[in-house]
Amino acid sequence: MEQVELNIACRAAEDDLREIQRLSEVDINKCYQCGTCAAGCPVAFTSDYNPRQIIRMLQLGLVEDVLRSKMIWMCIGCNICTTRCPRKLNIPRLNDTLRIMSKDKGFLTSEKEINIFGDLFLDLIEKKGRVTKARLALGFNLKTHQPFKDLNYYPKLFFMGKLKLLPTKVKGTAEIKRIFTKIREFKNKGGKH
Amino acid sequence: MKFAYFPGCALQSSAKNYDYTARAVARRLEIELWEIPDWNCCGALTAQQNDYLLPFALAARNLLKAEKEGLDVAVPCSICYKQLAAARFRLAEDETLRGKINEIIGRNYNAANKPYTFLESIIKGAGIKAIKNAVAKPLTGLKIVCYYGCSTVRLYPQSLNNENPENPMMMDQVMEAMGAEVLPWAAKTECCGAGHYMAKPEIINKLGNDIISLAEAANANCIVTGCPLCQNNLEMRQGEMSKIYNVKHSMPVFFFTELMALAYGLSAKEIGFKNHFVSVLPLLDEKRLV
């Protein structure tokens, strides 16, 4: 088992923690570890850490461990945790911030598929303005090298008219492109939120 | 009453039954729906998971079109509703952010109009009495559990409707008005797995199995929902769930507007009851509703 010097870890992580709090607007010091969030979390069963543990790790300054965790990617954003938390901590909001920070720092995630799905989704919005499941599924299957994934559902989906093979395109694609470009510009200029 | 209408990407394809029947229900209740022209994807959960500004910019581009017409927005899809409502709320109270977003979209959005779920909009636009009076064929024999999902009742920092986040009742009230028997159950707002349907289907299978098992335990003969993602997640993989968990699931999952349309006299063909992975016609046939 790896040994961690907690007082050093805490001090070293002060800046990161301040940034996490500022961006997520979640004060992790309010958490007194009751564990209700973990009990209600729908994805805790398949994750490396549950929400309570993530917050505890942050409180102890173990920021990099959290940024490399599975949990921050598994979070669905259902807010069951926030609803039941006695301090009303918005954990999905915290996880959004941790995800963005993790990606910015270039940590390879074990949940590559979730990332691939996310990138594809946003790419479709940028190019077409709308997302069709067909295009998404096609792209996802190819990028994850699973060409036959869920293939058994597609014929039925197609005959029900639920599969749009020709993607719809928004007329104002220039406006959508502008949104993405401006946001990139803002980021490149080192814009702070 | 008139609302702007934001169908969203899913209603164009996998949830087209929802789109068709929602419009039909609105017509029957004399609520005018004005589809927002050239609307773009709301960004779903992915936008906010990858960027701080993107979800607001995508929402603003849609909402300002309705704002120009002075209309509030009716949103059938739960995730779209969550995105649009949360964005609007934040942009209304944070002038600096609004300024930033207006600079990004090159327009002037004031965050004045409000998004509502389609369910809320018909209650606001017509009222429960009118919703009940429009019933031509009561849905007797249907034992319904209402599945709200997690998105519409759990907005933070402030819930925008008066629904209890653990035990909402709006859909229950509407389905009762349709003449169905609405049962209490434990999974009203449990998450279905949402956006993990593609990357982590095992989560959908596990959560879906839990939810459907609870519906069966409540002695329901069908589940009714208001979200395209929930409907697909619960319905499509029941065969797979049955195999993995060694049970036999065959639970019909309707959009609440499908059943409303049925109660209002539309035919099974028009509604598109054939477009279900778990066949709904045996149940409806048995109860002499089609």
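## Pockets

On a 1 Å grid over the protein atoms alone, a pocket is an open set of points with protein on both sides within 12 Å along at least five of seven lines, and its lining residues have an atom within 4 Å of a point. This is a predicted model, in which local features need pLDDT of at least 70 and side-chain atom pairs count only at pLDDT 80 or more, while totals for chains, interfaces and linings use all residues. Residues are numbered from 1 along each chain as its sequence is written, chains are lettered from A and ligands numbered from 1 in the order in which they are written, and side-chain values use heavy atoms, with hydrogens and water left out.

The largest pocket has 38 lining residues, and those nearest its centre are A:S24, A:E25, A:R93, B:F56 and B:R90. Its volume is about 980 Å³, where a volume is the space filled by probe spheres set on grid points joined across faces, edges and corners. At least two lining residues come from each of α2 (14–24) and α8 (91–104) of chain A, and from each of α3 (54–68), α4 (78–93) and α5 of chain B. Helices here are DSSP runs (H or I, at least four residues), numbered from the N terminus. With seven residues, α4(B) gives the most to this lining. By class the lining of the largest pocket has 15 nonpolar, nine polar and 14 charged residues; Ala, Val, Leu, Ile, Met, Phe, Trp, Tyr, Cys and Pro count as nonpolar, Asp, Glu, Lys and Arg as charged, and the others, Gly among them, as polar.

The second largest pocket has a volume of about 680 Å³. Its lining holds 27 residues, with A:I100, A:D104, A:K187, B:N50 and B:D51 nearest the centre. In chain A, α2, α8, α9 (112–128) and α12 (173–188) each supply at least two of the lining residues, as does α2 (44–50) of chain B. The largest share, six residues, is that of α8(A). The lining of the second largest pocket divides into eight nonpolar, seven polar and 12 charged residues.

## Cavities

A cavity is a set of grid points where a 1.4 Å probe fits but cannot get out. The structure has six cavities of 30 Å³ or more. The largest cavity has a volume of about 580 Å³. It is lined by 39 residues, of which A:F117, A:F121, B:A44, B:Y197 and B:L229 are the closest to its centre. Two or more lining residues come from each of α9 and α10 (133–143) of chain A and α2, α4 and α10 (228–236) of chain B. The lining of the largest cavity is made up of 24 nonpolar, 13 polar and two charged residues.

The second largest cavity holds about 160 Å³ of space. Of its 18 lining residues, B:T117, B:L119, B:Y148, B:T152 and B:M171 lie nearest the centre. Both α6 (118–125) and α8 (170–177) of chain B supply at least two residues of this lining, and α6(B) gives the most, with three. The classes are 10 nonpolar, six polar and two charged.

## Buried residues and the nonpolar core

Buried means under 20% relative accessible area, exposed over 50%, and partly exposed in between (1.4 Å probe, protein chains only). In α6(B), the buried residues are B:F118, B:L119, B:E120, B:S121 and B:I122. After α6(B) comes B:G127, with a positive phi near 90°. B:N102 lies in helix α5 (residues 95–105) of chain B and is buried, at 11% relative accessibility. Leaving aside residues up to four places away in sequence, B:N102 is in contact (heavy atoms within 4.5 Å) with B:R107, B:N108 and B:Y109.

A nonpolar core is a set of buried Ala, Val, Leu, Ile, Met, Phe, Trp, Tyr and Cys residues joined through side-chain atoms within 4.5 Å. The largest such core has 175 residues, and A:L58, B:L139, B:L142, B:M175 and B:F256 touch the most other members. Its largest share, nine residues, comes from α3(B). Residues up to four places away in sequence aside, A:L58 touches A:L17, A:I20, A:I28, A:V63, A:V66, A:L94 and A:L98.

## Cysteines

A disulfide is a pair of cysteine sulfur atoms within 2.5 Å. Over all chains the count is zero disulfides. A:C34 is in no disulfide, and the nearest cysteine sulfur, that of A:C85, is 6.2 Å away. A:C34 is partly exposed, with a relative accessible area of 43%.

In chain B, the cysteine sulfur closest to that of B:C150 belongs to B:C191 and is 3.8 Å away, too far for a bond. B:C150 is buried, with a relative accessible area of 8%.
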